[in-house]
Amino acid sequence: MDLTSISPVLLLASLMVAATPILLAALGELVVERAGVLNLGVEGMMITGAIAGFATAVATGSALLGFVGAAAGGAALSLLFAVLVLWLRSNQVATGLALTLFGLGLASLAGQPYNGVRAPPMPELDIPLLSGIPVLGPILFRHDPVVYLALALVGGVWWFLHRARAGLVLRAVGENHDAAHALGYKVLRLRLLAIAFGGACAGLGGAYLSLVRVPQWTEGITAGAGWIALAIVVFASWRPLRLLLGAWLFGGISVLQLNLQAANAPIPVEVLSMTPYLVTILVLVLISSGRGRARLAAPGSLGQPFHASR
Amino acid sequence: MIILEKRPNPSRAWALATPVLAVLATMIVGGLLFAMLGKDPVLTIRTIFWDPLFGPFGSYTRPQLLIKAGPLILIATGLSFGFRAGIWNIGAEGQYILGALTGAAAGLALYPSESRLIFPLMVAAGALGGMAWALIPALLKVRFGTNEILVSLMLVYVATNLLAYAALGPLQNPEGMGFPGSRNLSQWPSSANLELLTGTGLHWGVVAAGVAVVGAYVLLARHAFGFAVRLAGQAPRAAAFAGVSPSRLVLACMAISGGLAGLAGVFEVTGPAGQIGIDFGVGYGFTAIIVAFLGRLHPLGILLAGLLMALTYIGGEMAQTQLGLPGAAVQLFQGMLLFFLLAMDVLTQFRLRWKGASPVIVATAKPVEGAR
């Protein structure tokens, strides 16, 4: 084993990259859950975004346009969930699971022609001057635009939820949909928008995997990233800034275990690859055991169907 | 404009009709999908749903039906208890893998001795392995309030990695020239789970599935535990007042579903699969979720749904070899089925009514809604 081959600067730089897909997906889900809807289909929307983005990028030759396609693909799939849950009042847990199973099938079917195809490269955004700073430069300022988009979205969602009037209404709908309805807010319309936003974010996260992180199309490319994103939302107690912390933690662990694999650490590869999942469980336990604090922070109407009584 | 009006009680007729309608709708939309893929829709649907039973290769494919349906029914029956009570074990795939691993390990530890007791021992070890894996999310939920959905699913990925580790490490066949995978358990008389009646596909796992269906039916219809499960699902507050302990319910439901998934795993590894290999997990644990819902969480419904879903597996494989239909199309087809089912469920719970028409049953509906 050669631990000296692991450079801390490169590790932190790739941590930022590894955290981005889960951060994007989790951010979307956070908004959805804040509106009182539990969408367990993140994994399905993510992988649909991964293939939609990849196909768009290959067709147009532009990775950036690929991300646009991915957001559209993820949002389109999430609308299916929205119609079932909001208007047909189906069980949110079951429908979310269905969305994941459906999305996985859809993606692997749509992805067949793209096996072994190379994606157009993503432009690196070397921020002048700042990227030249010795240690901080490579860690913070030499990434692709999507990394910064994800960070900007964290700030944007925080601002929206805590500083904007529409965000206040969205939180009201999530905390108590009957009261919000009585005040005249359009519960279903707001939830529809939130779900579509969640789908678009999950799609972006998926496309980040297929266009930047891997970067090619392989079946089952998300490998549970969507579920980890769901777990991070709980970890963050539904707060955008803590979400960032969670995503970095998981990005760090997955990068570290990959580096240990590459460095021939005397630990079986399989044990290393299961660590992100084990750590997720551990973190969930720690966060939920804090005297029910996590449960108190959950939106009041989360997962409950809304049936307007006139 | 159409509005929805809550029924005072779920409609029994619609509850029975929706799965059938969902299957039909899936066939129609699936046919369109196949047409878009450039396949003859009628021929494809016939290859999937008809040929495995009555086609020219029927004598070969019919036994496959029970082989595939066995694990699906076994797992789905277990899951139905939790799903009824609002306890979501979606990690059955992991419990299935763990059952196969512990069962195979128990047997291989005694290799190459010969005894009639080895197979029952392996079955017991498999059931306990699956149960233990399911009790992890259950205990965490009971003790710390951790979300069982996420934990049980995370454990699937852990189980897949354990499987790969076992197939390349401790359980690897020492005489296998370094190839991944364990010794062939179906060729070792002590552990072989062979066809019980030639040409039927009936093996011990199918028998276990039958027993599980009957057992679940009796438990749900006649036993206090079944009543507690149904009560907790339909009226959690009433269940609490009736003295149903939520913690005990979580542990029991998870243990049952994990145990049955583990059984499915050990019967599979000793029979149809034959050995512990990297590709052992083929998604039965996830498809079983669809089976459970399609069967309306009712044992007899699950029996029928399991057979139907097994048919799509076999028919899908046939369509793959004969018509060149991509394997993923069947996966999509199965996901679509669950979607249609959930969408049509609205008819069971609600009544469609034109806006303006006089609401007839409001007087009876109100108290029920108020009570919830």
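Predicted model: local features only at pLDDT ≥ 70, side-chain atom pairs only at ≥ 80, totals over all residues.
**View 1. Overall build of chain A.** Chain A contains 13 helices and two strands. Its C-alpha trace extends over about 65 × 45 × 40 Å along the principal axes. A compact globule of 310 residues would have a radius of gyration near 19 Å, and the 20 Å found for chain A agrees with this. Of the 310 residues, 57% count as buried. Where contacts in chain A link residues at least 6 apart in sequence, 77% of them join residues at least 24 apart. The accessible surface of the chain amounts to about 12,400 Å², and 68% of this belongs to carbon and sulfur atoms.

**View 2. Overall build of chain B.** Chain B contains 16 helices and two strands. The radius of gyration is 22 Å, close to the 21 Å given by the globule rule for 372 residues, so chain B is as compact as a globular protein of that length. Its C-alpha trace extends over about 75 × 55 × 35 Å along the principal axes. Of the 372 residues, 55% count as buried. Chain B exposes about 16,200 Å², with 67% supplied by carbon and sulfur atoms. Among its contacts between residues at least 6 apart in sequence, 77% join residues at least 24 apart.

**View 3. Confidence along chain B and the segment 362-372.** The average pLDDT of chain B is 85, and 95% of the residues score at least 70. Over residues 362-372 of chain B, however, pLDDT stays under 50. For this segment the model has seven contacts beyond four places in sequence.

**View 4. The strand pair of chain B.** Strand S1 of chain B comprises residues 2-6, and strand S2 comprises residues 350-354. The two strands pair in the antiparallel sense over five bridges. Four of the five residues of S1(B) are buried, so this strand is largely enclosed by the rest of the structure. Within the pair, Leu4(B) has Leu352(B) of S2(B) as its bridge partner.

**View 5. Surroundings of Leu4(B).** Leu4(B) lies in strand S1 of chain B. Its relative accessibility is 15%, under the 20% limit, so Leu4(B) counts as buried. Beyond its neighbours within four places in sequence, Leu4(B) has contacts in both chains: Trp87(A), Arg89(A) and His307(A) from chain A, and Val346(B), Phe350(B), Arg351(B) and Leu352(B) from chain B. Ile75(B) is 71 residues from Leu4(B) in sequence, and their C-alpha atoms are 35 Å apart in space.

**View 6. Thr100(A) in helix H4 of chain A.** Thr100(A) is found in helix H4 of chain A, which covers residues 92-110. With a relative accessible area of 5%, Thr100(A) is buried. Residues up to four places away in sequence being left out, Thr100(A) touches Leu40(A), Gly41(A), Val42(A), Glu43(A), Gly44(A) and Trp227(A).

View 7. Helix H9 of chain B runs over residues 224-234. The buried residues of this helix are Phe225(B), Gly226(B), Ala228(B), Val229(B), Leu231(B) and Ala232(B). An α-helix has 3.6 residues a turn, so residues three or four places apart point the same way.

**View 8. The cis peptide bond at Pro112(B).** The peptide bond between Tyr111(B) and Pro112(B) is cis, with omega about 0 degrees. Most peptide bonds are trans. Pro112(B) lies in the loop between helix H5 (92-108) and helix H6 (118-144) of chain B.

View 9. Although neither is a glycine, phi is positive at both residues, at about 55 degrees for Arg296(B) and about 60 degrees for Leu297(B). Most residues other than glycine have a negative phi. Arg296(B) counts as partly exposed at 25% relative accessibility, whereas Leu297(B) is buried at 13%.

**View 10. Helix H13 of chain B and the residue after it.** Helix H13 of chain B has 25 residues, 299-323. At 1.5 Å a residue, H13(B) should span 36 Å, and its end C-alpha atoms are 35 Å apart, which agrees. Gly324(B) follows H13(B) and has a positive phi, near 70 degrees.

Notes
Residues numbered from 1 in each chain as written. Chains lettered and ligands numbered in written order. Heavy atoms only, no water. Buried < 20%, exposed > 50% of the residue type's maximum accessible area, 1.4 Å probe, protein only. Pairing = 2+ DSSP bridges. Expected span 1.5 Å × (residues − 1). Contact = heavy atoms within 4.5 Å. Rg over C-alpha atoms; globule rule 2.2 N^0.38 Å. Areas by Shrake-Rupley, 256 points an atom, 1.4 Å probe, with all protein chains shown as cover. pLDDT = per-residue confidence, 0-100.
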